[in-house]
Each structure stands twice: as C-alpha cells, then as structure tokens.
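Reader: I have a new structure to look at. Can you walk me through it?
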Amino acid sequence: MPIPLADRAAVLLAYDPGISPKGGGLPGLSVLKNVVNSINMFGIIAVVGALAVSLGVWAWGHHTGGHQAEANGKKGAVVAAGAALGLGAANGIVAFFSSLGSQVH
C-alpha cells in the first residue's frame with residue numbers, strides 16, 4: 001500500500017538531524033569565550049560609568065530645579081540598571097532558552 005503524500009511530507013519535516021551543541025569541536029573556542037567574557041566585562045564597566053553619570057545628572061537637576069535634567073537622570077539610571085540586569089543575566093537567559101529549545105520535538 002503506498003504512503004500518502006501528506007504522510008511522506010510529515011516524515012520529512014519531522015526528520016531529526018541529530019545536531020546538538022558541543023564544546024571543543026572548533027579550534028579557538030577558548031579564545032572566543034575569552035573575547036565574549038571581556039566584552040561582557042567591558043559592558044558592565046560602561047554601565048557603572050553610565051549609572052554614575054545618570055545619578056549625578058539626576059541630583060544636579062533636582063538641586064538646581066532643572067526638571068528636564070532630573071527626568072533624564074532618572075531615565076538614565078533606570079536604563080543603566082536594566083542594562084546591568086541584562087548583562088549579568090545574559091548567560092542564564094541563553095542557557096534557559098537553549099534548554100527550553102532542546103525540549104522541542
């Protein structure tokens with residue numbers, strides 16, 4: 001009995017190529033990890049500077065009555081805090097979604 005076309009298409013679309021991430025397969029992987037770690041550290045240091053500047057602008061705007069400067073300082077502080085949260089949680093976020101994606105069949 002021949003297999004219907006829809007069933008053959010479903011089998012082809014459900015094909016598992018058997019690919020999963022593995023460390024150590026490419027040369028230079030440790031160098032790439034060091035580069036990404038350095039970029040992450042650079043970003044965290046930049047966020048610390050941005051937070052300090054934003055808090056300074058916020059305080060200066062508050063004490064001089066500059067409502068626009070005060071509002072911009074607040075926005076900068078919130079953005080810097082969010083960036084710090086994202087940079088610190090980047091590894092965990094990627095690991096979470098990678099493990100979630102590996103459960104899809």
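Reader: Let's start with V36. How exposed is V36?
Author: V36 is partly exposed, because its relative accessible area is 48%. Buried means under 20% relative accessible area, exposed over 50%, and partly exposed in between (1.4 Å probe, protein chains only). This is a predicted model: local features need pLDDT of at least 70, side-chain atom pairs count only at pLDDT 80 or more, and totals for chains, interfaces and linings use all residues. Residues are numbered from 1 along each chain as its sequence is written, and side-chain values use heavy atoms, without hydrogens and water.
Reader: Which helix is V36 found in?
Author: Helix α2, residues 29–64. Helices are DSSP runs of H or I, at least four residues; strands are runs of E, at least two; numbering starts at the N terminus.
Reader: What pattern does the protein chain follow?
Author: The pattern is α-α-α. That is three helices and zero strands.
Reader: New topic. Which residues does UniProt list as "transmembrane region"?
Author: The unreviewed entry lists residues 39–60 and 80–100. Such annotations may be inferred rather than shown by experiment; positions follow the numbering used here, and feature names are shortened.
Reader: What does the model have over residues 39–60?
Author: The chain there is 100% helix and 0% strand, with end C-alpha atoms 31 Å apart. Residues 80–100 are 100% helix and 0% strand too, with end C-alpha atoms 28 Å apart.
Reader: And overall, how much of the protein chain counts as buried?
Author: 10% of the 105 residues.
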